[in-house]
Amino acid sequence: MAKPSSEGSNGIRYGDARQVLLDTVGAQLAIHGPRAVVLADICKELDLSPALVNYHFGGRDRLLAEAVVHEYAKLVEGMNAVTFATTTSAEDQFRARFRYRFDWTTSHPGIDSMLNYTHVLDPVGEILTQEFEARVSEITISDMAGLSATVAALYHGHPIDHELTADDPLYRPEFADLTAFVALSALGAATFLTGNHPGSASLSAQFPALLASLRDDFTTRVIEHLRFEFTKLD
């Protein structure tokens, strides 16, 4: 007697439906934002029952939030990977991380705002439960630990190949405020200089090379500012 297939007619293994929905919705959100995500169309395209959305996520809003967090985790994983793979110099390491963040923001305009403004991610205040926020916090800690490594690398004058936490010998308490400054600066600059802000959307379409140049100039200025702040630590 033949064994029942573990795949549906669409070729998707039954156990993979949750991940397929996350990846597909994440790709839609990245380009178009939440309003353009029509789950009925996505389920039809994937040949999946819409009931699976409720089964795996409990509803559309939760699925969208899960997809955003999933993409955020991939962003941080990618930033940390490119950071620690860059070993030529501390400055190259810092620039590689910034460039990755700017490029991601360019290709993920729909998710960018959902990460930056929680009311977009959770408009009615029912999605970001304590458990959900704990997961986001864990990803953010990894993000800050990777960024802190680039700040410390500039201070010590050599690349660092791991996330930097407060118990690391290379860490200094002053790095916390400097890392927060860099994180907030990069967040705003990435959104503006990639054309994902109303004030820069037209510039992005007409003068993409100019915005790329401004991105590099911004990164240089942040590095110069950090080096100036380092002089106060010695």
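This is a predicted model: local features need pLDDT of at least 70, side-chain atom pairs count only at pLDDT 80 or more; totals for chains, interfaces and linings use all residues.
Local features need pLDDT of at least 70, side-chain atom pairs count only at pLDDT 80 or more, and totals for chains, interfaces and linings use all residues. Residues are numbered from 1 along each chain as its sequence is written, and side-chain values use heavy atoms, without hydrogens and water.

The protein chain holds eleven helices and zero strands (DSSP runs of H or I, at least four residues, and of E, at least two, numbered from the N terminus). Of its 234 residues, 42% are buried (under 20% relative accessible area; exposed is over 50%, partly exposed in between; 1.4 Å probe, protein chains only). The accessible surface is about 12,500 Å² (Shrake-Rupley method, 1.4 Å probe; for residues, only the protein chains shown count as cover). Carbon and sulfur atoms contribute 56% of that surface.

Helix 1 (residues 17-32) and helix 4 (residues 60-85) cross at roughly 80°, their axes coming within 9 Å. Helix 1 is therefore roughly perpendicular to helix 4 (65 to 115 degrees). Axes are lines fitted to C-alpha atoms over the stretch in contact, with angles from 0 to 180 degrees between N-to-C directions. Helix 1 contributes residues including Arg18, Leu22 and Leu29 to the contact. Helix 4 contributes, among others, Leu63, Ala67 and His70.

Phe207 lies in the loop between helix 10 (201-206) and helix 11 (208-231). Phe207 is partly exposed, at 41% relative accessible area. With Leu210 and Leu214, Phe207 forms a nonpolar surface patch of about 260 Å² accessible area together. Patch residues have over 30% relative accessible area and no salt bridge; nonpolar side chains (Val, Leu, Ile, Met, Phe, Trp, Tyr) are joined within 5 Å, like charges within 9 Å. A salt bridge places a side-chain nitrogen of Lys or Arg within 4 Å of a carboxyl oxygen of Asp or Glu.

Notes:
Angles under 35 degrees count as roughly parallel, over 145 as roughly antiparallel, 65 to 115 as roughly perpendicular and the rest as oblique. Contact means heavy atoms within 4.5 Å.
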